[in-house]
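Student: I would like to learn how to read a structure like this one. Please take me through it step by step.

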Amino acid sequence: MNEEDVKAGYVHQHAIEVVDFSSQYGYDGSMSYVASNLAGPPNVFPGYGDFTQACVFRTYGPWWKSCPSARKPINRAPITFRSQDYIELLFEERVYPSRIDIFETYNPGSVVKILACNTSPKDFEELDPPEDVEWATLWAGQPESLPARPREFSPPLNPCPFATNLIRLEVNQKLLEYYTELDAVKLYGILECKELQNSSDHPSRHLYPDPGISATEKMLRDLMLVDKKSAPGNNGYFDILPSEVIQLILSYLDMPSLCSAALSCSFLMHHCYDPLQYTDLDLQPYWSQVDDYVLKCLQIRCSHLQQLSLSWCGRYDMIKGRTFNEFLEHCGSELTCLRLACSRFLYADCLRAVGVSCPLLQELDLSSCTYLHDTAFQQVANFTSLRRLNLYRTSVVGSTVRSIIRNNPGLEYLNLGGCKSCDGMDDVAIDLAQHCPQLKAVDFWRCRSLTNIGLRALASGCSLLLELDLGWCPELRSNTGCFVSLAQSCHLLKKLFVTANRTVSDNDLFALAKHCRDLEQLDILGTRMVSPDGALAVLNSCKKLSFFDISFCSQLDFAMVYKWKMAFPDVALRKSFQNT
């Protein structure tokens, strides 16, 4: 920024730190494809292509939603909620935002929401942290499929009623043909004038009108403890409808609409408070408004709760662990699905409360709860009915995972991707083979201690495997025959990722072509050993194949890939590239 702009109070700045994010392609602690690359000035722009210096999220396109491990959405999720991932950026100076530039350097079009917060991590380092945390939506839009060229995305912003130095981007990659890559974010705005913070002459009063309160926020804030014994009034023919029909009609409303209907009249309030309307509760779309108050108000309605998502909720003490524990104590007895991805209020006692209050729990998502220590995950080892467990990017260790496996023989889906502290992965795989014969999907993404010993054991004991991610597992070697054994034993495989395994060879692909005819998704990115014969064998034999990533396979050139795209139009052949 130049001196004149600073004197005028108008500044522009790049992010100084990435303070939170939901997923990344890279490995915690590395410099390649990690979220932290979004801090600072551009490294790639105006270049375009697949570069390690960019920020890259874990998934893209529709394929992750169609694989065997894909989760079913919880009912009542609003169609307006599009976000799949997020990243939060801290800036040096608090400003009233006037413009934001997002530098997209590969497959642009994924950004669907930009938010600002009146609070930042630095505020909580002070003795008196702020009590009211507020998020304002600066822009929201649809995901796009755009031409393959770099983009400096600067959408028109809504007024922000406060100065901010914390910006959050939310993305949806469902329309992308390959990973999106973000290079940098630049924030423009007018500096906060601390002397005028409480003055009627505050700059924001002149810059921006009051944007008001969103309908969603109003409904969530106005959850009221209404007298359920109020008598129905005269509501015309609606009163004579059978209760079952009224309940069915109300089941099509999203949560804010259901709250709004409850406030309209005592008759609808009676039906809207029926616990059967709250068997499925997805609060992730309302993460920025969900706090202790909301949970306490919902508590009286959720006696038959079966599915609950608090993913992304609880930033900056909006939810206290004890409030969550109390909620489960009253509402957890029938809970079978609990999703807490990126939740920021959990500690060991919370997971202990889950075990005590939710005896029927079958699905637990703790992905990206990076601040939890392994002692917290030891509480999960006391569960006995889990079928689906997501521990992506957590601090769980191998011995704890083994205890969980031994106590949950019905486990079908397990995600250990990016678990940096999880050592002894061969022993984990052996325990899966011995104790979980119904295992259908396991994610070992970037598990550095998995070798052919563990993979062979897994293949022999879990023949029902439908999905296996072995991407970036450097100790797996094709010359041990482990991939061939996998194909021979697990012929039901639908998805196999061996991303960045430089040793994958034609023999492995010939085995897949022969034994795994139901294969739908295959990723062999980065191998130098696969020839056109091996790739073509898979294309010819696996008739259900819909996705095949052959990026950076040195023997498979772009001209050949183009011909295959013509010959196999139903297969999404992916061939990434770098271009400055």
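Tutor: We will go through cores, helix pairs and salt bridges in turn.

Tutor: This is a predicted model: local features need pLDDT of at least 70, side-chain atom pairs count only at pLDDT 80 or more, and totals for chains, interfaces and linings use all residues. Residues are numbered from 1 along each chain as its sequence is written, and side-chain values use heavy atoms, leaving out hydrogens and water.

Student: How many residues does the largest nonpolar core have?

Tutor: In soluble globular proteins, nonpolar side chains tend to be buried together. A nonpolar core is a set of buried Ala, Val, Leu, Ile, Met, Phe, Trp, Tyr and Cys residues joined through side-chain atoms within 4.5 Å. Buried means under 20% relative accessible area, exposed over 50%, and partly exposed in between (1.4 Å probe, protein chains only). Here the largest core has 122 residues. L432, F444, L470 and F548 have the most contacts inside it. Helix 5 (residues 255-262) gives this core its largest share, five residues. Helices (H or I, at least four residues) and strands (E, at least two) are DSSP runs, numbered from the N terminus.

Student: Which residues does F444 touch?

Tutor: Contact means heavy atoms within 4.5 Å. Leaving out residues up to four places away in sequence, F444 touches L416, M425, A429, L432, L450, L458, L468, D469, L470, G471 and C473. There is also a second, separate core of 30 residues. L38, A39, V111 and A136 are among them.

Student: Now helix pairs. At what angle do helix 11 and helix 12 cross?

Tutor: Two packed helices are described by the angle between their axes and the distance between the axes. Axes are lines fitted to C-alpha atoms, for helices over the stretch in contact, and angles run from 0 to 180 degrees between N-to-C directions. The axes of helix 11 (residues 398-407) and helix 12 (residues 425-435) cross at roughly 5 degrees and come within 9 Å. That makes the two helices roughly parallel. Angles under 35 degrees count as roughly parallel, over 145 as roughly antiparallel, 65 to 115 as roughly perpendicular and the rest as oblique.

Student: Which residues meet there?

Tutor: Helix 11 brings G398, V401, R402, I405 and R406. Helix 12 brings D427, V428, D431, L432 and H435. By class, this contact has four nonpolar, two polar and four charged residues. Ala, Val, Leu, Ile, Met, Phe, Trp, Tyr, Cys and Pro count as nonpolar, Asp, Glu, Lys and Arg as charged, and the others, Gly among them, as polar.

Student: How many salt bridges are there?

Tutor: Side chains of opposite charge can pair when their charged atoms come close. A salt bridge is a side-chain nitrogen of Lys or Arg within 4 Å of a carboxyl oxygen of Asp or Glu. The count comes to 24. R393 pairs with D28, with the closest N and O atoms 3.3 Å apart. These two residues are 365 residues apart. R393 is buried, at 9% relative accessible area. D28 is partly exposed, at 24%.

Student: Are R315 and E88 buried or exposed?

Tutor: Both R315 and E88 are buried. Their side chains meet in a salt bridge at 2.7 Å, N to O. R315 is in the loop between strand 12 (307-309) and helix 8, and E88 is in strand 5 (residues 85-106), so the pair ties together parts 227 residues apart in sequence. A network of salt bridges links D20, E88, R168, E170, R315 and R344.
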